[in-house]
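The following exercises concern the structure shown below. Each task is followed by a solution in steps.

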Amino acid sequence: MQVPLNADTMVDLVADMVPESLKERVRMKNREHVNEIIESLRRGGKEKLQVISDFDMTLSRFKCDGRRCPTSYNIIENSHLVSETCRNKLQELFNTYCPLEKDTKKTTEEKYSLMVKWWSDAHDLLIQQKVPKQEIAGAVKESGAKLRDECNSFFKGLYSNEVPLFIFSAGIGDVLEEVLRQADVLDKNVTVVANYMDFDEKGLLMGFKGELIHTYNKNSSVLADTKYFQQQSERTNILLLGDSLGDPTMADGVTRVDSILKIGFLNDKVEENREAYLEAYDIVLEEVETMEVVNRILCFVYARN
Ligand SMILES: Nc1ccn([C@@H]2O[C@H](COP(=O)(O)O)[C@@H](O)[C@H]2O)c(=O)n1
(Lines give C-alpha, C1' and ligand atoms only; values in the text may rest on other atoms or scores of the structure.)
Protein backbone atom coordinates (compact mmCIF):
# COMPACT_ATOMS: atom_id res chain seq x y z
CA MET A 1 0.00 0.00 0.00
CA GLN A 2 1.39 3.43 -0.87
CA VAL A 3 0.59 6.39 1.36
CA PRO A 4 -0.29 9.55 -0.63
CA LEU A 5 1.98 12.56 -0.18
CA ASN A 6 0.56 15.45 1.77
CA ALA A 7 1.17 18.10 -0.88
CA ASP A 8 0.49 21.01 1.51
CA THR A 9 3.33 20.22 3.84
CA MET A 10 6.16 18.74 1.82
CA VAL A 11 7.97 19.27 -1.46
CA ASP A 12 8.00 15.99 -3.38
CA LEU A 13 11.75 15.52 -3.67
CA VAL A 14 11.28 11.92 -4.74
CA ALA A 15 9.83 13.13 -8.05
CA ASP A 16 13.22 14.61 -8.95
CA MET A 17 15.12 11.52 -7.83
CA VAL A 18 13.28 9.07 -10.08
CA PRO A 19 13.80 9.26 -13.85
CA GLU A 20 10.59 8.99 -15.89
CA SER A 21 11.72 5.66 -17.36
CA LEU A 22 11.92 4.04 -13.88
CA LYS A 23 8.73 5.46 -12.36
CA GLU A 24 6.78 2.19 -12.48
CA ARG A 25 9.61 0.27 -10.84
CA VAL A 26 10.37 2.50 -7.88
CA ARG A 27 8.14 1.87 -4.88
CA MET A 28 7.81 3.27 -1.37
CA LYS A 29 5.53 2.34 1.46
CA ASN A 30 5.61 5.88 2.75
CA ARG A 31 6.63 8.50 0.21
CA GLU A 32 6.25 11.34 2.69
CA HIS A 33 8.68 9.69 5.08
CA VAL A 34 11.17 9.15 2.24
CA ASN A 35 10.93 12.84 1.37
CA GLU A 36 11.66 13.73 4.98
CA ILE A 37 14.73 11.49 5.11
CA ILE A 38 16.11 12.80 1.81
CA GLU A 39 15.63 16.37 3.04
CA SER A 40 17.39 15.56 6.29
CA LEU A 41 20.30 13.87 4.44
CA ARG A 42 20.59 17.02 2.34
CA ARG A 43 20.63 19.24 5.42
CA GLY A 44 23.53 17.22 6.83
CA GLY A 45 25.40 17.42 3.53
CA LYS A 46 28.29 15.24 2.45
CA GLU A 47 30.20 15.84 5.71
CA LYS A 48 27.56 13.98 7.74
CA LEU A 49 27.05 11.18 5.23
CA GLN A 50 28.39 7.64 5.05
CA VAL A 51 27.28 4.90 2.68
CA ILE A 52 26.95 1.23 3.66
CA SER A 53 26.37 -1.21 0.84
CA ASP A 54 26.07 -4.88 0.09
CA PHE A 55 28.07 -6.10 -2.93
CA ASP A 56 26.61 -9.08 -4.80
CA MET A 57 23.49 -8.18 -6.77
CA THR A 58 23.47 -4.71 -5.20
CA LEU A 59 26.59 -3.04 -6.60
CA SER A 60 27.01 -5.87 -9.08
CA ARG A 61 24.36 -6.59 -11.71
CA PHE A 62 21.74 -9.29 -11.23
CA LYS A 63 21.08 -9.76 -14.95
CA CYS A 64 22.77 -8.78 -18.18
CA ASP A 65 21.29 -9.44 -21.64
CA GLY A 66 18.59 -11.55 -19.99
CA ARG A 67 21.08 -13.86 -18.23
CA ARG A 68 21.93 -14.11 -14.51
CA CYS A 69 25.24 -12.54 -13.56
CA PRO A 70 27.58 -14.37 -11.17
CA THR A 71 27.98 -13.71 -7.46
CA SER A 72 31.54 -13.53 -6.12
CA TYR A 73 31.23 -17.23 -5.20
CA ASN A 74 29.88 -18.11 -8.66
CA ILE A 75 32.93 -16.43 -10.24
CA ILE A 76 35.22 -19.04 -8.69
CA GLU A 77 32.69 -21.84 -9.03
CA ASN A 78 32.28 -21.26 -12.80
CA SER A 79 36.01 -20.94 -13.45
CA HIS A 80 38.70 -23.47 -14.37
CA LEU A 81 40.02 -23.11 -10.80
CA VAL A 82 37.70 -25.85 -9.56
CA SER A 83 37.15 -29.37 -10.90
CA GLU A 84 33.91 -30.33 -12.59
CA THR A 85 32.94 -32.52 -9.64
CA CYS A 86 33.47 -29.65 -7.25
CA ARG A 87 31.50 -27.28 -9.54
CA ASN A 88 28.57 -29.69 -9.59
CA LYS A 89 28.59 -29.97 -5.81
CA LEU A 90 28.74 -26.17 -5.41
CA GLN A 91 25.87 -25.78 -7.86
CA GLU A 92 23.86 -28.37 -6.00
CA LEU A 93 24.39 -26.38 -2.80
CA PHE A 94 23.36 -23.18 -4.59
CA ASN A 95 20.19 -24.78 -5.95
CA THR A 96 19.28 -26.12 -2.51
CA TYR A 97 20.08 -23.13 -0.33
CA CYS A 98 19.52 -20.06 -2.52
CA PRO A 99 15.71 -20.50 -2.54
CA LEU A 100 15.83 -20.89 1.26
CA GLU A 101 17.94 -17.73 1.57
CA LYS A 102 15.34 -15.78 -0.42
CA ASP A 103 12.26 -17.36 1.23
CA THR A 104 10.27 -14.45 2.67
CA LYS A 105 7.95 -16.84 4.54
CA LYS A 106 10.75 -18.21 6.75
CA THR A 107 12.04 -16.21 9.71
CA THR A 108 15.68 -15.09 10.00
CA GLU A 109 16.08 -17.54 12.88
CA GLU A 110 14.89 -20.40 10.70
CA LYS A 111 17.26 -19.43 7.90
CA TYR A 112 20.31 -18.71 10.05
CA SER A 113 21.59 -22.28 10.58
CA LEU A 114 20.80 -23.20 6.96
CA MET A 115 23.02 -20.34 5.79
CA VAL A 116 25.86 -21.41 8.11
CA LYS A 117 25.64 -24.89 6.59
CA TRP A 118 25.64 -23.53 2.99
CA TRP A 119 28.62 -21.25 3.49
CA SER A 120 30.61 -23.82 5.52
CA ASP A 121 30.08 -26.61 2.97
CA ALA A 122 31.00 -24.30 0.08
CA HIS A 123 34.16 -23.15 1.89
CA ASP A 124 35.19 -26.77 2.55
CA LEU A 125 34.80 -27.60 -1.13
CA LEU A 126 36.81 -24.56 -2.24
CA ILE A 127 39.56 -25.30 0.27
CA GLN A 128 39.87 -28.86 -1.12
CA GLN A 129 40.52 -27.29 -4.54
CA LYS A 130 43.48 -25.25 -3.21
CA VAL A 131 42.44 -22.27 -5.35
CA PRO A 132 45.58 -20.28 -6.33
CA LYS A 133 45.57 -16.60 -5.32
CA GLN A 134 47.45 -15.68 -8.52
CA GLU A 135 44.63 -16.86 -10.74
CA ILE A 136 41.73 -15.00 -9.16
CA ALA A 137 42.21 -11.91 -11.35
CA GLY A 138 41.99 -14.07 -14.50
CA ALA A 139 38.83 -15.80 -13.24
CA VAL A 140 37.22 -12.41 -12.61
CA LYS A 141 38.22 -11.16 -16.07
CA GLU A 142 36.58 -14.16 -17.75
CA SER A 143 33.50 -14.25 -15.53
CA GLY A 144 31.17 -11.73 -17.12
CA ALA A 145 30.61 -10.11 -13.70
CA LYS A 146 29.46 -6.53 -14.13
CA LEU A 147 28.74 -3.61 -11.85
CA ARG A 148 25.35 -1.94 -12.21
CA ASP A 149 24.97 0.78 -14.81
CA GLU A 150 26.14 4.19 -13.56
CA CYS A 151 28.20 2.50 -10.84
CA ASN A 152 31.26 4.38 -11.99
CA SER A 153 29.57 7.73 -11.24
CA PHE A 154 28.43 6.32 -7.90
CA PHE A 155 31.98 5.37 -6.84
CA LYS A 156 33.68 8.42 -8.31
CA GLY A 157 31.09 10.75 -6.77
CA LEU A 158 31.67 9.28 -3.31
CA TYR A 159 35.44 9.49 -3.78
CA SER A 160 35.55 13.08 -4.99
CA ASN A 161 33.16 14.20 -2.25
CA GLU A 162 35.21 12.31 0.37
CA VAL A 163 32.25 10.21 1.48
CA PRO A 164 33.28 6.83 2.95
CA LEU A 165 31.80 3.67 1.49
CA PHE A 166 31.61 0.55 3.64
CA ILE A 167 30.99 -2.58 1.59
CA PHE A 168 29.60 -5.27 3.88
CA SER A 169 29.40 -8.52 2.00
CA ALA A 170 28.83 -12.19 2.64
CA GLY A 171 30.67 -12.81 -0.63
CA ILE A 172 34.38 -13.52 -1.13
CA GLY A 173 36.39 -10.37 -0.31
CA ASP A 174 39.35 -11.21 -2.56
CA VAL A 175 37.04 -11.73 -5.54
CA LEU A 176 34.83 -8.70 -5.07
CA GLU A 177 37.86 -6.46 -4.53
CA GLU A 178 39.21 -7.74 -7.84
CA VAL A 179 35.90 -6.91 -9.57
CA LEU A 180 36.17 -3.37 -8.20
CA ARG A 181 39.87 -3.11 -9.11
CA GLN A 182 39.22 -4.16 -12.70
CA ALA A 183 36.44 -1.56 -12.90
CA ASP A 184 38.92 0.99 -11.54
CA VAL A 185 36.69 2.02 -8.63
CA LEU A 186 38.54 0.59 -5.64
CA ASP A 187 39.52 3.95 -4.19
CA LYS A 188 40.84 4.90 -0.75
CA ASN A 189 37.40 5.82 0.61
CA VAL A 190 36.25 2.19 0.20
CA THR A 191 36.43 -0.30 3.09
CA VAL A 192 35.42 -3.92 2.54
CA VAL A 193 34.30 -6.42 5.16
CA ALA A 194 33.65 -9.86 3.65
CA ASN A 195 34.85 -13.49 3.72
CA TYR A 196 38.54 -13.24 2.88
CA MET A 197 40.53 -16.24 1.69
CA ASP A 198 43.58 -17.40 3.61
CA PHE A 199 46.46 -18.69 1.46
CA ASP A 200 49.47 -20.83 2.37
CA GLU A 201 53.07 -19.89 1.55
CA LYS A 202 52.61 -21.22 -2.00
CA GLY A 203 49.59 -18.94 -2.50
CA LEU A 204 47.06 -21.80 -2.38
CA LEU A 205 43.72 -21.50 -0.57
CA MET A 206 43.89 -23.17 2.83
CA GLY A 207 40.99 -21.54 4.70
CA PHE A 208 38.93 -18.42 5.26
CA LYS A 209 39.88 -15.67 7.69
CA GLY A 210 37.81 -14.48 10.63
CA GLU A 211 34.21 -15.14 11.45
CA LEU A 212 32.04 -16.53 8.66
CA ILE A 213 29.72 -13.88 7.21
CA HIS A 214 26.45 -15.02 5.66
CA THR A 215 23.27 -13.26 4.60
CA TYR A 216 21.70 -13.19 8.05
CA ASN A 217 24.58 -12.14 10.30
CA LYS A 218 25.55 -8.95 8.46
CA ASN A 219 25.40 -6.83 11.61
CA SER A 220 27.72 -5.73 14.42
CA SER A 221 28.11 -9.35 15.62
CA VAL A 222 30.69 -10.07 12.89
CA LEU A 223 32.49 -6.72 13.07
CA ALA A 224 35.33 -7.77 15.35
CA ASP A 225 37.07 -4.47 14.62
CA THR A 226 34.60 -1.75 15.53
CA LYS A 227 37.14 1.01 14.87
CA TYR A 228 35.70 1.78 11.45
CA PHE A 229 32.36 3.04 12.72
CA GLN A 230 34.03 4.84 15.63
CA GLN A 231 36.17 6.72 13.10
CA GLN A 232 33.01 7.73 11.25
CA SER A 233 31.20 8.81 14.41
CA GLU A 234 30.61 12.33 13.04
CA ARG A 235 28.86 10.86 10.03
CA THR A 236 25.43 10.24 11.50
CA ASN A 237 23.47 10.15 8.23
CA ILE A 238 23.43 6.83 6.43
CA LEU A 239 22.56 5.69 2.96
CA LEU A 240 22.17 1.89 3.05
CA LEU A 241 21.98 -0.23 -0.11
CA GLY A 242 21.07 -3.89 -0.18
CA ASP A 243 19.29 -6.63 -2.07
CA SER A 244 18.34 -9.19 0.56
CA LEU A 245 16.21 -9.19 3.68
CA GLY A 246 19.43 -9.62 5.68
CA ASP A 247 20.99 -6.39 4.43
CA PRO A 248 18.90 -3.84 6.37
CA THR A 249 20.83 -4.71 9.57
CA MET A 250 24.18 -3.74 8.04
CA ALA A 251 24.15 -0.36 9.81
CA ASP A 252 23.65 -1.85 13.30
CA GLY A 253 27.27 -1.13 14.24
CA VAL A 254 27.02 2.60 13.51
CA THR A 255 27.62 4.54 16.72
CA ARG A 256 24.92 7.18 16.23
CA VAL A 257 22.29 7.41 13.51
CA ASP A 258 20.34 10.63 12.90
CA SER A 259 18.87 9.72 9.53
CA ILE A 260 19.00 6.54 7.53
CA LEU A 261 17.65 5.88 4.06
CA LYS A 262 17.45 2.21 3.10
CA ILE A 263 17.27 1.41 -0.59
CA GLY A 264 16.62 -2.19 -1.63
CA PHE A 265 17.14 -3.75 -5.05
CA LEU A 266 14.38 -6.31 -5.56
CA ASN A 267 15.89 -8.32 -8.39
CA ASP A 268 13.66 -11.33 -8.70
CA LYS A 269 10.15 -12.68 -8.01
CA VAL A 270 8.91 -9.14 -7.67
CA GLU A 271 5.23 -9.72 -6.99
CA GLU A 272 5.92 -12.43 -4.44
CA ASN A 273 8.51 -10.41 -2.50
CA ARG A 274 7.20 -6.86 -2.82
CA GLU A 275 5.40 -6.60 0.51
CA ALA A 276 8.38 -7.93 2.52
CA TYR A 277 10.79 -5.55 0.75
CA LEU A 278 8.49 -2.56 1.30
CA GLU A 279 8.56 -3.40 5.02
CA ALA A 280 12.35 -3.73 5.07
CA TYR A 281 13.40 -0.81 2.84
CA ASP A 282 12.30 2.81 2.44
CA ILE A 283 12.70 2.67 -1.34
CA VAL A 284 12.40 -0.52 -3.36
CA LEU A 285 13.84 -0.67 -6.89
CA GLU A 286 12.21 -3.47 -8.82
CA GLU A 287 14.32 -5.11 -11.54
CA VAL A 288 16.36 -1.93 -11.87
CA GLU A 289 19.93 -2.53 -13.07
CA THR A 290 21.11 1.06 -12.76
CA MET A 291 22.39 3.24 -9.90
CA GLU A 292 20.60 6.29 -11.34
CA VAL A 293 18.15 6.79 -8.45
CA VAL A 294 20.94 6.37 -5.87
CA ASN A 295 23.16 8.81 -7.78
CA ARG A 296 20.43 11.44 -7.99
CA ILE A 297 19.91 11.29 -4.23
CA LEU A 298 23.66 11.53 -3.64
CA CYS A 299 24.02 14.50 -6.02
CA PHE A 300 21.21 16.23 -4.15
CA VAL A 301 23.12 15.73 -0.89
CA TYR A 302 26.48 16.81 -2.38
CA ALA A 303 24.89 19.97 -3.78
CA ARG A 304 24.18 21.44 -0.33
CA ASN A 305 26.43 24.39 0.43
N1 LIG B 1 28.28 -20.63 -1.79
C2 LIG B 1 27.63 -19.48 -1.98
C3 LIG B 1 27.20 -18.73 -0.90
C4 LIG B 1 26.52 -17.56 -1.16
N5 LIG B 1 26.27 -17.17 -2.43
C6 LIG B 1 25.56 -15.91 -2.74
O7 LIG B 1 26.45 -14.84 -2.58
C8 LIG B 1 25.79 -13.72 -1.99
C9 LIG B 1 26.79 -13.15 -0.98
O10 LIG B 1 26.93 -11.97 -0.80
P11 LIG B 1 26.44 -10.44 -0.58
O12 LIG B 1 27.50 -9.62 -1.21
O13 LIG B 1 25.09 -10.31 -1.25
O14 LIG B 1 26.38 -10.27 0.90
C15 LIG B 1 24.60 -14.30 -1.25
O16 LIG B 1 23.46 -13.49 -1.35
C17 LIG B 1 24.37 -15.67 -1.87
O18 LIG B 1 23.19 -15.72 -2.63
C19 LIG B 1 26.73 -17.93 -3.48
O20 LIG B 1 26.52 -17.54 -4.66
N21 LIG B 1 27.38 -19.09 -3.25
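**Exercise 1.** Which helix gives the largest share of the shell around the ligand?

*Solution.* This is a predicted model, in which local features need pLDDT of at least 70 and side-chain atom pairs count only at pLDDT 80 or more, while totals for chains, interfaces and linings use all residues. Residues are numbered from 1 along each chain as its sequence is written.

Step 1. Count the shell: 19 residues surround the ligand, the closest being Asp-56, Tyr-73, Ala-122, Ser-169 and Ala-170. A residue is near a molecule if its C-beta atom, placed from the backbone, lies within 6 Å of it.

Step 2. Assign elements. At least two shell residues come from each of helix 3 (72–77), helix 4 (84–102), helix 5 (108–128) and strand 5 (165–172). Helices (H or I, at least four residues) and strands (E, at least two) are DSSP runs, numbered from the N terminus.

Step 3. The largest share, four residues, belongs to helix 4.

**Exercise 2.** Locate the ligand relative to domain 1 and domain 2.

*Solution.* Step 1. The domain assignment, automatic or from a database, gives domain 1 (13–62 + 146–199 + 209–302) and domain 2 (70–143).

Step 2. Both domains give residues to the shell around the ligand, so the ligand shell lies between them.

Step 3. The C-alpha centres of domain 1 and domain 2 are 23 Å apart, and 19 residues of domain 1 are in contact with 19 residues of domain 2 (contact: C-beta atoms, placed from the backbone, within 7 Å).

Step 4. On the side of domain 1 that touches domain 2, helix 8 (173–182) gives the most, with six residues.

**Exercise 3.** Describe how helix 6 packs against helix 8.

*Solution.* Step 1. Helix 6 (residues 136–143) and helix 8 pack at an angle of about 65 degrees, with their axes 9 Å apart. Axes are lines fitted to C-alpha atoms over the stretch in contact, and angles run from 0 to 180 degrees between N-to-C directions.

Step 2. Ile-136, Ala-137, Val-140 and Lys-141 of helix 6 meet Asp-174, Val-175, Glu-178, Val-179 and Gln-182 of helix 8.

**Exercise 4.** Is Trp-119 buried or exposed?

*Solution.* Step 1. Trp-119 is placed in helix 5.

Step 2. A residue is buried if 20 or more other C-beta atoms, placed from the backbone, lie within 10 Å of its own, exposed if 12 or fewer, and partly exposed in between.

Step 3. Trp-119 is buried because 21 other C-beta atoms lie within 10 Å.

Step 4. Leaving aside neighbours within four places in sequence, Trp-119 is in contact with Leu-212 and His-214.

How values were computed
Contact = placed C-beta atoms within 7 Å.
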